[in-house]
Amino acid sequence: MEATIRKALGDPLFRRIGAIADRRGVQAYAIGGYVRDTFLLRPCTDIDIVVVGGGTGGGIAVAEELGREVRSRVNVFRNFGTAMLRVGEWEVEFVGARRESYRADSRKPIVEDGTMEDDQRRRDFTINAMAFGLNGDNFGELVDPFGGMEDMEAQLIRTPLDPDTTFSDDPLRMVRAIRFATQLDFRIEPETFAAIRRNRERIGIISRERIATEVEKIMRSPRPSKGWRLFDESGLLELIFPQLARLKGVETVRGRGHKDNFLHTLKVLDNIVPRTDHLWLRWAALLHDIGKPRTKAWDDRAGWTFHGHEVVGSKMIPAIFREQKLPMDERMKYVQKLVFLHLRPIILSEDEVTDSAVRRLLFEAGDDIDELMTLCEADITSGNDAKVRRYLANFALVRRKLKEIEEKDHIRNFQPPITGEIIMETYGLPPCRAVGVIKEGIKNAILDGEIPNEYEAAYALMERLAAAEGLAPCRRDEQ
Ligand code: CTP
């Protein structure tokens with residue numbers, strides 16, 4: 001362990017901070033994520049430093065002195081008693097040790113000067129409350145009054161104080177407990193978990209932005225389903241993501257049930273993780289069946305159906321993104337498009353894989369076609385191996401065909417060679433129905449392989465279609 005600590009504090013920066021603290025007659029500690037990640041062997045460039053003594057401004061004073069020594073600009077947040085600066089690759093944040101108490105209706109703490117232990121006891125989890133001494137007389141000493149190291153070894157998320165206090169101090173910590181359990185694949189200690197269930201309603205006072213930051217870390221984890229399952233088991237899911245909670249459960253009519261769409265969704269999400277780091281493709285996996293509860297119907301002949309769930313689901317995406325404080329830009333549009341198209345490759349592979357169906361899929365998916373295929377492959381969660389193999393083989397065929405047709409016809413991002421403007425100009429028309437009919441006719445003929453994707457052929461077809469509409473080209477001088 002000593003060797004690990006020595007390595008973690010090997011950069012001269014740590015000795016420098018200790019020397020400043022010694023000169024000022026205060027104590028400095030590295031604390032929190034940096035200490036935790038040292039033992040987890042995770043890279044970490046954010047360092048939190050707590051300064052004991054010198055009042056609540058003690059951290060700021062040490063930061064300013066360090067800033068002068070290393071010639072780096074210090075950002076001071078006097079209201080919070082914190083200061084931040086960059087030193088080489090490090091982002092270092094200083095704070096004075098504090099004793100915090102909170103009022104029940106707000107998460108703004110009342111802050112007073114405190115001891116090191118006061119500071120540690122007010123942190124979220126034991127594994128985040130460990131510190132390294134940086135002064136001359138305790139450099140590299142592990143200060144761990146709440147058994148963080150033991151919990152680290154037992155892979156446990158536990159609060160330093162009784163969990164009701166820790167969570168009511170800052171209810172976001174309930175979400176953070178689930179985030180750390182997912183990210184690190186740790187367990188949440190049962191008392192701590194019971195307190196999340198008890199205090200879950202308090203999440204209502206936390207801003208959606210702060211929750212979103214934690215949810216993103218869950219989505220980037222090696223097994224994000226764990227986080228969503230824990231949200232469900234703790235009762236938080238209903239509060240922070242009701243649309244997902246509605247996917248849960250199985251209904252049975254005349255002995256026929258449908259699959260539990262929540263469990264299916266989590267499988268799809270875990271399936272896609274090893275295939276992609278793309279955050280928004282992971283979101284598409286999480287949301288691909290989000291429209292199912294609204295479209296569920298029982299039919300005496302067909303059994304359970306979810307007709308049009310991809311359309312309903314894609315329409316739900318903007319409101320979900322707005323609520324979850326996810327970006328309302330092309331990333332939202334991307335998820336929406338993938339949800340909308342997620343059934344297409346399956347339907348295509350169930351029929352005969354015709355060139356024309358493949359061209360249409362390419363046309364609609366454009367550059368997102370490979371990711372759409374990845375989503376569809378992840379969507380196969382049947383327990384029946386033969387079925388899985390059949391689907392995957394069909395998808396392989398679809399992928400081969402996609403490649404062939406793309407090479408031949410360049411349909412991806414294709415714009416029909418005859419535009420609406422050309423049609424309007426040629427026949428002296430304002431925007432009207434006939435223009436739409438001709439344009440659509442040309443597009444379909446190209447996608448169906450009736451004419452090549454070329455100007456001459458498309459122009460000739462325009463002439464035939466226009467004649468059928470009773471249109472004659474106008475002469476140049478008439479225009
Ligand atoms: N902390 C806390 N309660 C919070 C947020 C943070 O007690 N709601 C404390 C913890 O000691 C934590 C430290 O502040 O270790 C730094 O928080 P943050 O930078 O948000 O997280 P890290 O623990 O550094 O983890 P990560 O880098 O994975 O976000």
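**Entry 1: Arg 173**

I started at Arg 173, which sits in helix α8, residues 172-184. I'm working from a predicted model here, so my notes carry that label throughout. Is Arg 173 buried or exposed, and which side chain of opposite charge is nearest? Arg 173 turns out to be buried, and I found no salt bridge for it. The nearest oppositely charged side chain is that of Asp 170, at 4.3 Å. The salt-bridge cut-off is 4 Å. Next I listed what Arg 173 touches, skipping residues up to four places away in sequence: Arg 122, Arg 123, Asp 124, Phe 125, Thr 166 and Phe 167.

**Entry 2: Asp 164**

Then I went to Asp 164, in helix α7, residues 163-169.

**Entry 3: Domains**

I looked up how the protein is divided: domain 1 covers 2-153 and domain 2 covers 420-478. Taken over C-alpha atoms, the centres of domain 1 and domain 2 are 71 Å apart.

**Entry 4: The sheet**

In what order do the seven strands of the open sheet run? I read the order as β3-β4-β5-β2-β1-β8-β9, with mixed pairing. At the edges I have β3 (75-77) and β9 (142-143), each of which pairs on one side only. Helix α4, residues 58-70, packs on this sheet and touches β2 (46-52), β3, β4 and β5 (90-96). The direction of α4 makes about 25° with that of β4. A reminder to myself: strands in a sheet pair through backbone hydrogen bonds, parallel or antiparallel.

**Entry 5: From β3 to β5**

β3 pairs with β4 (residues 82-87) in the antiparallel sense, over three bridges. Asn 75 stands opposite Met 84 in β4. β4 and β5 are antiparallel as well, over six bridges. Val 87 has Trp 90 in β5 as its bridge partner. Two residues lie between the strands in the hairpin of β4 and β5, and there I noted Gly 88 with a positive phi near 55°.

Two facing pairs went into my list: Val 50 opposite Val 95 in β5, and Asp 46 opposite Glu 91 in β5. Why do I call β2 largely enclosed by the rest of the structure? Because five of the seven residues of β2 are buried. My last stop was β1, residues 27-31, which pairs with β2 in the antiparallel sense over five bridges. There, Ala 30 stands opposite Ile 49 in β2.

Technical notes: Residues are numbered from 1 along each chain as its sequence is written. This is a predicted model: local features need pLDDT of at least 70, side-chain atom pairs count only at pLDDT 80 or more; totals for chains, interfaces and linings use all residues. Side-chain values use heavy atoms; hydrogens and water are left out. Helices (H or I, at least four residues) and strands (E, at least two) are DSSP runs, numbered from the N terminus. Buried means under 20% relative accessible area, exposed over 50%, partly exposed in between (1.4 Å probe, protein chains only). Lys and Arg count as positive and Asp and Glu as negative; His and the chain ends are not counted. Contact means heavy atoms within 4.5 Å. Domain bounds come from an automatic or database domain assignment. Two strands pair if DSSP finds at least two bridges between them. Axes are lines fitted to C-alpha atoms, for helices over the stretch in contact, and angles run from 0 to 180 degrees between N-to-C directions.
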